[in-house]
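Reader: I would like to learn how to read the cores, hairpins and sheets of a model such as this one. Could you take me through them in turn?

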Amino acid sequence: MKQWLSIAAISFAIMFASCVKDEYKRSYTYYRPVYKTKQQVRNEVQSSLPRTIGTAGKLFYKDGYVFLNELEKGVHIIDIKNPSQPKVVSFVAIPGCVDLAVRGNILYADLTTDLIAIDISNPLQVKVTQVLEGVFPHRYYNEFRADTSRVIIDWVRVDTSVWNTEHVSWGLEEKQFFAMTSDSYSSASGTVTNGVGGSMARFALSDDRLYTVSSSDLKLFNTSVPEKPSYIKQVNIGSWSIETIFPYGSNLFIGSQTGMFIYDISNKDNPTYLSKFEHARVCDPVVADSKYAYITLRSGSACGGFTNQVDIVNIEKLTSPYLVKSYSLTHPLGLAVDRNYLLICDDTEGLRIMDASDPSAVKQIGQLKGFTSYDVIALGGLGLVSAQNGLYLVDYSNPANPALLSTVAYSK
Amino acid sequence: MKKKILLFSLCMNIVPLYMLAQTAKWMPVLVPEAGLIIGAAEPSGDWRANALLAKNGWQLGLGGGMDYYRYRSVPVYLQARRQFGKTKMKPFAFASGGLNVDALTESEKASSDPIITLAIWRENLPANAAHHYDPGWYAEAGAGYAFLNKKQHGLMLSASWVQKTTKEWYETTTWAGYVSQPSQESTMHYFNRLVFRVAWQF
């Protein structure tokens, strides 16, 4: 009997030793990019009749028109000369576009790694006037690095499953903690005027220069001949988390996840670093006026951090900015400043209007709820609010009682 | 191999069930047992109780208990046993098949280690991602040796291969370029273990 037991035990051990493991089958969805060559894409840059607005991105305003980016698809041109009855005029297909600016009759946009200049004199018949190749070599997607020699024109959903063995060991489990990958207004010159951008912009026009920021550098373009922009140079900012750029006077205010950089552009082709105002690691668009910079800090998966507030920073001495006071908010995103009023997009709380005449005692005086706001442009009483489900035109001429004038709805 | 074991497990339950239906005499048997679980992770344990009907060397019935490997779960299963020989001490083989229902403790739910949260960490999902479990299956095949007295009561030692599974679902977002889309992902876990048990047959 002992012999039988021994044989059974050994057989059992051999049979099942390889079966003692923990496995899992993960079923998930990913999106596979569909590429086209750059030449194919350039040939397809054209305007068309208005179409439904899908996933909206950044916005720009110029002379009664809103230029609203549809992420990686192009730009919707919306006539808001009558704010109560906005009208979508046309759609300019620009594959890979996420940033834009308008100077004169020229729309500047990124066509993935290129800068493209488009004459929009006739929004229904636009014309490409210039393409600067490869000026934006870095294009980051969350956890995905695109083939930058081609252009992504669409994404195809793929459902898949993979088998894996869990690597666990006796006594102490292998704990694998992954760091979350972080990615993430203007002036006039002669007879050609610049448009006004939102606070989330990575493109900024100042005089006859276009300044753009990537995650780590500042690029300069000469737009003195608007339809033929030329690349000037690149300035390393010394940060890997640059998010936004805001021009005011002869300065650039650059928002990063760890602070605000101030550059002097008195010599417009040689931006000079003046100072940095540091804050906790969070997402932070910035706007400014002559005395103060206003920075919204928000927590989020892309930026980390646990701070949700607006910081008011004294910039009277640009080389040594200092914090005046912080005010807690829900989850602030884009913002705008108009005289003594701050317009702040506070996510699901809609649009807040704050009286900032006394920076040490800022208080909310008005609020418009009912939408999830993203970014805002203030136009002296008219607020253009980019929200999750539409573009909201808000009359804030009475800041204590902002009123919704109209909405351009998105399809989702 | 695993599919064969699962098939064997099912057959072991269904064939004797049919045979039992053909006979008029049967005896109730209760078998509480405790096991040491050896798997890829740290050793753990389980306890179970089997309520069986015995006839002509066959035993079959229902069982249930608690399985603490990686996380707490409740297996509920059909079980069939075959005892060989008519002596007091005899070998036996058995198989079980049924459901494995998740029953995480509060500390396990809060922990970043076991099961669901493990997968979440690995896939960089937010810790508060909405998720839920589906019951998995429970399958077992093994053999042992019984030391019984005249009344057929006594000690039983066994070793078996046991698989418990669970499927976790969670809501997440998937990026298509700069646009995130809501999506639902799932992870089916298969825990394959060897279990050494001590039981007492009443």
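Reader: Which residues touch the most other members of the largest nonpolar core?

Author: The general idea is that, in soluble globular proteins, nonpolar side chains tend to be buried together. This is a predicted model, and in it the largest nonpolar core has 102 residues, of which A:Leu107, A:Ile254, A:Tyr294 and A:Leu343 touch the most other members. Leaving aside residues up to four places away in sequence, A:Leu343 touches A:Leu335, A:Ala336, A:Asp338, A:Leu351, A:Ile353, A:Val376, A:Ala378, A:Gly383 and A:Tyr396. Another core, of 18 residues, lies apart from the largest one, and its members include B:Val31, B:Leu52, B:Leu60 and B:Leu194.

Reader: Which residues lie on each side of strand 7 of chain A, and are they buried or exposed?

Author: In a regular strand the side chains alternate between the two faces of the sheet. In strand 7 of chain A, residues 100-103, A:Leu100 and A:Val102 lie on one side while A:Ala101 and A:Arg103 lie on the other, and all of these are buried, so that both faces are covered.

Reader: What does strand 7 of chain A form with strand 8 of chain A?

Author: The two strands form a hairpin with 2 residues between them, and A:Gly104 in the turn has a positive phi of about 60°. Strand 8 of chain A covers residues 106-111, runs antiparallel to strand 7 of chain A and is joined to that strand by 4 bridges. Here A:Leu107, already met among the residues that touch the most other core members, is the bridge partner of A:Val102.

Reader: How many helices and strands does chain B have?

Author: Chain B has 3 helices and 8 strands, which follow the pattern α-β-β-β-β-β-α-α-β-β-β along the sequence. Of its 202 residues, 38% are buried. Among the contacts in chain B with a separation of 6 or more, 61% are between residues 24 or more positions apart.

Conventions. Residues numbered from 1 in each chain as written. Chains lettered and ligands numbered in written order. Predicted model: local features only at pLDDT ≥ 70, side-chain atom pairs only at ≥ 80, totals over all residues. Buried ≥ 20, exposed ≤ 12 C-beta atoms within 10 Å, placed from the backbone. Contact = placed C-beta atoms within 7 Å. Core = buried A, V, L, I, M, F, W, Y, C linked by C-beta atoms within 7 Å. Pairing = 2+ DSSP bridges.
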